[in-house]
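Let's take a walk through this structure together, with the ligand as our guide. Have a look at it first, and then we'll go step by step.

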Amino acid sequence: MAALAPSVPLWTGSAPGKIILLGEHAVVYGRPAIAVPITRVRAVAHVVPLAAGKGTWIEARDLKRRYALREAPADDPLAHTVRTVWRALGVEQEPDAEIVVHSTIPMASGLGSGAAVATAIVRALAACFGRQLPPDEVSALVYETEKLLHGTPSGIDNTVVAHERPIWFRRGEPPQPFTPGGCFHFLIADTGVPSPTRATVTDVRAAWQADPARYEALFDRIAGLVEQARQALEHGDSHQVGALMDENQDVLRRLGVSSPEIERLVRAAKEAGALGAKLSGGGRGGNVIVLVEPDRHLVVRSALQTAGAVRCVETVLAPEEKP
Ligand code: PMV
């Protein structure tokens, strides 16, 4: 059957989730990190016109909220994104439009849901004004919302989500998208504990201020692991990547951002034969990422579930994975 044309114009933008493979926290202090998109979970935004005089409305489907832009407080992340885009596009009068947002990315779990929702909104609004913004411009706009959400973000989330490619990222430098040299199978297991990125980033900063030499040395160790991991990813060497993830988890533990729930999942994965396992993102909760050989994936998944994982998402990083 032929598809029906929509009765009203509709502009759409979407964006994937993400995981940080290695380098979180140290990336805030100028060290490199590696992040990859997770295309199986996405945020989507639609823009539909409203009758004249209605102004701009936002419907956050997952939060079951609908509100007028002009009534939203300055710290509302969705409204902040919309206002940032209107400003960047030179829109002077609030358009009569409804922005509907929906996401399958679990919230507050280190999978970049905030950055993805903002990216989807930026893309949908740009499309509605006949503009297709390059990834760097999208990323810069989304960074404004990241600052609102996280305080002092490194910028890695908005960068990987806007580029939708595996990236090697160092603050203040152009991101370097790269292509893995083989397939890497990951399980992303949720501890079920919300991940307070702002809190862990604040705690690490306080600890760094109290003992800069110790923390700078830990950040340097992470930087070394990230450099090696990039080469191992490009060579398709999953055993080496797994070993480097384990070492990264060891340093994250010393930074004080692991937790009993994370440790339980990491241990269960390793005992079931995973190649590597570590927390991803802010820590103290959120998700654990586990690198597995494809034939071990069911065994490891079941071990993670037994150890308390509330959700397990699979993702494959493959050479051909392109936007
Ligand atoms: O919790 P997430 O996935 O948003 O990641 C935070 C990563 C940190 O390095 C801890 C902070 C940052 O801004 O890079």
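Predicted model: local features only at pLDDT ≥ 70, side-chain atom pairs only at ≥ 80, totals over all residues.

Start with where the ligand is: it sits in the largest pocket. Looking at which elements give two or more residues to the shell around it, you'll find strand 1 (11-22), helix 4 (156-163) and helix 5 (197-210). Both domains take part too, with domain 1 (11-176) and domain 2 (180-317) each supplying at least three residues to that shell.

So who are the neighbours? In total, 16 residues surround the ligand, and the closest are Lys 18, His 25, Ser 154, Thr 197 and Gly 282.

Now zoom in on the ligand's oxygen atoms. Ser 154 uses its side chain: an N or O atom there is 2.5 Å from a ligand oxygen. With His 25, a backbone N or O atom lies 2.9 Å from an oxygen of the ligand, and for Gly 110 a backbone N or O atom is 3.2 Å from a ligand oxygen. As for cover, the ligand taken alone exposes 380 Å², and the protein buries 95% of that.

Terms used. Residues numbered from 1 in each chain as written. Heavy atoms only, no water. Near = heavy atom within 4 Å. Polar contact = N/O pair within 3.5 Å; in protein donor to acceptor, adjacent residues only side chain to side chain. Areas by Shrake-Rupley, 256 points an atom, 1.4 Å probe, with all protein chains shown as cover. 1 Å grid on protein atoms, 1.4 Å probe; cavity = no way out; pocket = protein on both sides within 12 Å on 5 of 7 lines; lining within 4 Å. Sits in = over half its atoms within 2 Å of the grid points. Helix = DSSP H or I, 4+ residues; strand = E, 2+ residues; numbered from the N terminus. Domains from an automatic or database assignment.
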